[in-house]
Amino acid sequence: MPDPQNLHEWHEYVGVAHIHSTDSDGSKSIPEIIQIGQKLGLDFLMFADHMTLRSLHLGLEGWHKKTFVLIGYEIHDQNNKNHFLAFDVNEVLPAELTPKEYVKRINQMGGLGIIAHPDETRNLPQFPAYPWTAWDAEGFDGIEIWNQMSEWMEGINRLNQLKMFLSPRRFLTSPTTKTLKIWDELNKQRKVCGISGVDVHAYPYKFGPFKFVIFPYKVQFQSLRVHLVLKQALSSDDRMAKRQMIDSIRKCRLFISNYRRGDAKGFRFYAESKNQLVGMGDSISQAKKVIFFVYAPLRCRISLLCDGNVVREEKGTHLQYLADQPGNYRVEAYRGKKGWIFSNHIRVLPPSHS
Ligand SMILES: [Zn+2]
Ligand SMILES: [Zn+2]
């Protein structure tokens, strides 16, 4: 497998997205949470409290030592459904808008919009589900293809709840087939980023005589992670670094992983032809022979998919594949039966496109 020199110049930043703080219904303040992220060596944290940009206006966005903090908010409709994350915006929209309206408005304001926990279902009456239903909305940039809180809540029932509270990360398996399918379909029309959200609130919960903090931040920051893979290092300037981060998410230059299954840092997925080397979020023309390369830092089952269908599967740390058809290619990696890594797409364009 070739190891082109320029691959070494790609820069990987690992962080966590969709965090709640005491600005809304989380249990720690943003400065306290930043400290936790710093101790774990996270490169960035993306906060999205409900309907507030308080900490953005307090000036907390930007570098905090080696951790970049991005502050957006989570908006929902009047039935508290259709949750939507908005970053790179300075004002909170009025609460009475419909999902279609707020998706459009965030887009018009130049913000980055992400559909949160699209297909939630839940089994305990005290925790209602908040799925996305407004699929006619236009102008969003991404979808949470894997939401820690949703999957955990879906798995929970009366019998297992004690175990689930004591060991929340053990129960994460994979993104749902339904969400992955929607995401692949959308990508046939245009680029839509697939991202993960921990959706951590860390609220205290009473179970009989016991009292737990569900999902301490420290535990949650060691589950679903976002890995940005950039061709240029993040700037030390706050505004520049923010532009780079927003831009790379919009352009799908990332993969997500469940840290619980192993540290995915160093995973690479790229395609090469005679005169091009491209990564996630990029397009490559099939006019010249296109070969895909996947490298995983730990042994796993690697699947390469084209438009949602598996075209090659390999056990180990490498996969190589000669692309024989145009389409949107992406990678899933599993350890045991559990999902570990999910990449964004690389597009192979028909020869006539070049
Ligand atoms: Zn939500
Ligand atoms: Zn949330």
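This is a predicted model: local features need pLDDT of at least 70, side-chain atom pairs count only at pLDDT 80 or more; totals for chains, interfaces and linings use all residues.
Local features require pLDDT of at least 70 and side-chain atom pairs count only at pLDDT 80 or more, whereas totals for chains, interfaces and linings use all residues. Residues are numbered from 1 along each chain as its sequence is written, and chains are lettered from A and ligands numbered from 1 in the order in which they are written.

A nonpolar core is taken as a set of buried Ala, Val, Leu, Ile, Met, Phe, Trp, Tyr and Cys residues joined through C-beta atoms within 7 Å. A residue counts as buried if 20 or more other C-beta atoms, placed from the backbone, lie within 10 Å of its own, as exposed if 12 or fewer do, and as partly exposed in between. The largest such core comprises 85 residues, and those with the most contacts inside it are Ile-19, Leu-45, Met-46, Ile-195, Leu-254 and Ile-341. Its largest share, eight residues, is supplied by strand β16 (residues 291-306); helices (H or I, at least four residues) and strands (E, at least two) are DSSP runs numbered from the N terminus. Because domain 1 (5-261) and domain 2 (268-353) both give residues to this core, it lies between them; the domain bounds come from an automatic or database domain assignment.

Leu-298 is located in β16. This residue is partly exposed, with 15 other C-beta atoms within 10 Å. Leu-298 and Arg-335 are separated by 37 residues in sequence and by 9.0 Å in space, C-alpha to C-alpha.

Helix α8 (residues 238-250) has 13 residues and reaches 18 Å from its first C-alpha to its last, close to the 18 Å expected at 1.5 Å a residue, the expected span being 1.5 Å times one less than the number of residues. Buried positions in α8 are Lys-242, Gln-244, Met-245, Ser-248 and Ile-249. Viewed down the helix axis, the buried residues of α8 fall within an arc of 160° and therefore line one face, the arc being that of the directions from the axis to the C-beta atoms. The face turned away from this buried side carries the exposed residues Arg-239 and Met-240. Following α8, Cys-252 has a positive phi, near 65°.

Strand β11 (residues 224-230) is mostly covered, with six of its seven residues buried. Strands pair if DSSP finds at least two bridges between them. Strand β1 (residues 11-19) pairs with β11 in the antiparallel sense over five bridges, and Tyr-13 stands opposite Leu-228 in β11. β11 also pairs with strand β12 (residues 254-258), in the antiparallel sense over five bridges; here Arg-225 stands opposite Ser-257 in β12.
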